[in-house]
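Here is a set of questions on how labels follow from computed values. Each answer sets a value against its cut-off.

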Amino acid sequence: MSLTASPAQIDTDKLMSFVFRAVDEVGATLNAALVVMGDKLGYYRDLVENGASTPAQLAERTQTAEPYAREWLNAQAAGGYVTYDPATRRYTLPPEHALAMTDPDSPAFLPGFFQIALGTVHDTEHIVDAARSGAGYGWHQHGADVHLGCERFFRPSYHANLVDSWIPALDGVREKLESGALVADVGCGHGASTILLAQAFPDSTFVGSDYHAESIETARARAAEAGVDNVRFEVASAQGFGGRGYDLVTMFDCLHDMGDPVGAARRVREAIAEDGTWMIVEPMAGDHVEDNLNPVGRAYYGFSTLLCTPSSLSQDVGLALGTQAGPARIRDVTAAAGFTRFRSVAETPFNRVIEARP
């Protein structure tokens, strides 16, 4: 039987629509690198500070070569990131785009999203090999763009929502933090969430932990830069973090990455106070595939295939929940560890916040 359809079976318009969609996808793939390039070279920031510019002006101010500035600007104009005026031959970054491309405290800040995507794609060859063998590829095996991009992508959302929206949505937690609580931030990475909480609640004590030693080194440096003295960081797995009697345990965008999330949940149950709270922040997802067939779900399924699922498979158990696990699977994890209360308390386009109680 031939696998090639005859011409009569092909809708040419549908075919060409798909081809041009694919061309757009290639442009978008290349644009991830261009955004990271523009971010690292300061092109976006320069356009905000100086307004409409020629390639020569941009290159001179950023001390880069004009041919690169010219082609970068043209690519950005073709993609709708900047506007181009043929009469003046100048390029402008619209104010709305400027907010998304240059303000690291804006919840719409995007360069970190592109940076983690580019770093993830860079390691595709390893994931191809892992898919053939069934092995994993650990978080620690990825390069700096993955680690820094993750921090830069999630921190703006935490900055906008964590203290003012998410913590108040938890039953009685804000009051405990204001009066002085003991908090464990498990899987803290570079410590963005830990430090934000430590700054907001100076009478509480925070312990951040992560299995990745290099991330913990960065977290300690970030805390020193921020001048917070009510936080410390330790290298530890989610199944082996230290301490007991925690009033609050938090996990930000990491439970689905773990090889043994049930084991981690059991450790949380051991470590948490009887009236304590486990705050689980996970990527936004529904419980069914069809719930996630949207732009955010598409991005997260991509990260799941190339980053999060390989990370889980690289660890003991390798449950591979996936980035789009959904609240029902997270509930199953908490119930298996002995948590009896579970509710979704807040959400953004990118995250769902869950409260689990003993």
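Q: Where is V317 found?
A: In this predicted model, V317 is found in the loop between α13 (295-313) and α14 (327-336).

Q: What makes V317 count as exposed or buried?
A: The relative accessible area of V317 is 61%. Exposed means over 50%, so V317 is exposed.

Q: What is the phi of V317?
A: V317 has a positive phi of about 75°, although it is not a glycine. As background, most residues other than glycine have a negative phi.

Q: Where is A320 found, and what is its phi?
A: A320 is found in the loop between α13 and α14. A320 is not a glycine, yet its phi is positive, about 55°.

Q: Why is A320 called partly exposed?
A: The relative accessibility of A320 is 21%. Buried requires under 20% and exposed requires over 50%, with partly exposed in between, so A320 counts as partly exposed.

Q: How many disulfides does the model have?
A: The count comes to 0 disulfides. A disulfide is a covalent bond between the sulfur atoms of two cysteines, and the rule here asks for a pair of cysteine sulfur atoms within 2.5 Å.

Q: Why is E151 called buried, and what does E151 touch?
A: E151 is found in helix α8 (residues 144-169). Its relative accessible area is 13%, and the limit for buried is under 20%, so E151 is buried. Leaving aside residues up to four places away in sequence, E151 touches P156, H190, A192 and R222.

Q: Why are α1 and α6 called oblique to each other?
A: Helix α1 (residues 12-41) and helix α6 (residues 111-122) pack at an angle of about 125°, and their axes are 9 Å apart. Roughly perpendicular covers 65 to 115 degrees and roughly antiparallel is over 145, so α1 and α6 are oblique. Their crossing is left-handed.

Q: Which residues of α1 and α6 meet?
A: From α1 come N31, A32, A33, V35, V36, D39 and K40, and from α6 come P111, F114, Q115 and L118. By class, this contact of α1 with α6 has 7 nonpolar, 2 polar and 2 charged residues.

Q: What makes α2 and α3 roughly perpendicular?
A: The axes of helix α2 (residues 43-50) and helix α3 (residues 55-62) cross at roughly 110° and come within 10 Å. The range for roughly perpendicular is 65 to 115 degrees, so α2 and α3 carry that label. The crossing of α2 past α3 is right-handed.

Q: Which residues form the contact of α2 with α3?
A: Y43, D46, L47 and N50 in α2 meet L58, R61 and T62 in α3. These divide into 3 nonpolar, 2 polar and 2 charged residues.

Notes: Residues numbered from 1 in each chain as written. Predicted model: local features only at pLDDT ≥ 70, side-chain atom pairs only at ≥ 80, totals over all residues. Heavy atoms only, no water. Axes fitted to C-alpha atoms, helices over the stretch in contact; angles between N-to-C directions. Helix = DSSP H or I, 4+ residues; strand = E, 2+ residues; numbered from the N terminus. Parallel < 35°, antiparallel > 145°, perpendicular 65-115°, else oblique. Left-handed = near helix turned anticlockwise from the far one by under 90°. Contact = heavy atoms within 4.5 Å. Nonpolar A, V, L, I, M, F, W, Y, C, P; charged D, E, K, R; others polar. Buried < 20%, exposed > 50% of the residue type's maximum accessible area, 1.4 Å probe, protein only.
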